[in-house]
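Look at the model below.

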Amino acid sequence: MTPSTSTRIKCALVFILFMVFSIGPIPITSSIGLYVSLFRPRWFKTLVDTLYADLDDRSR
């Protein structure tokens with residue numbers, strides 16, 4: 001399994017978890033989206049780079 005595939009699976013599981021917990025009064029996914037767009041954390045860039053790592057190999 002490639003690193004990007006395992007990262008995609010982890011992201012999908014986290015988003016499913018967010019959907020379950022977002023039923024409450026505070027929307028978790030929107031709050032995290034706002035945090036990412038305002039503060040641009042390093043972990044998000046690392047996550048995106050890992051997700052798209054296979055595309056760099058295919059384009060060459």
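Phe 15 is partly exposed, at 48% relative accessible area. Here buried means under 20%, exposed over 50%, and partly exposed in between, with a 1.4 Å probe and protein chains only. Phe 18 is buried, at 18%. This is a predicted model, in which local features need pLDDT of at least 70 and side-chain atom pairs count only at pLDDT 80 or more, while totals for chains, interfaces and linings use all residues. Residues are numbered from 1 along each chain as its sequence is written, and side-chain values use heavy atoms, without hydrogens and water.

Both residues sit in helix 1, residues 3–21, and lie 3 residues apart, so about one helical turn separates them. Helices are DSSP runs of H or I with at least four residues, numbered from the N terminus.

Now take the helix itself. Its 19 residues should span 27 Å at 1.5 Å a residue, and the end C-alpha atoms of helix 1 are 27 Å apart, which agrees. The expected span is 1.5 Å times one less than the number of residues.

Which residues of helix 1 are buried? They are Ser 4, Thr 7, Cys 11 and Phe 18. These cover an arc of only 55 degrees around the axis, so they share the same side of helix 1. The arc is taken from the directions from the helix axis to the C-beta atoms. Lys 10 and Leu 13 are exposed on the other side of helix 1.

Technical notes: Helix = DSSP H or I, 4+ residues; strand = E, 2+ residues; numbered from the N terminus.
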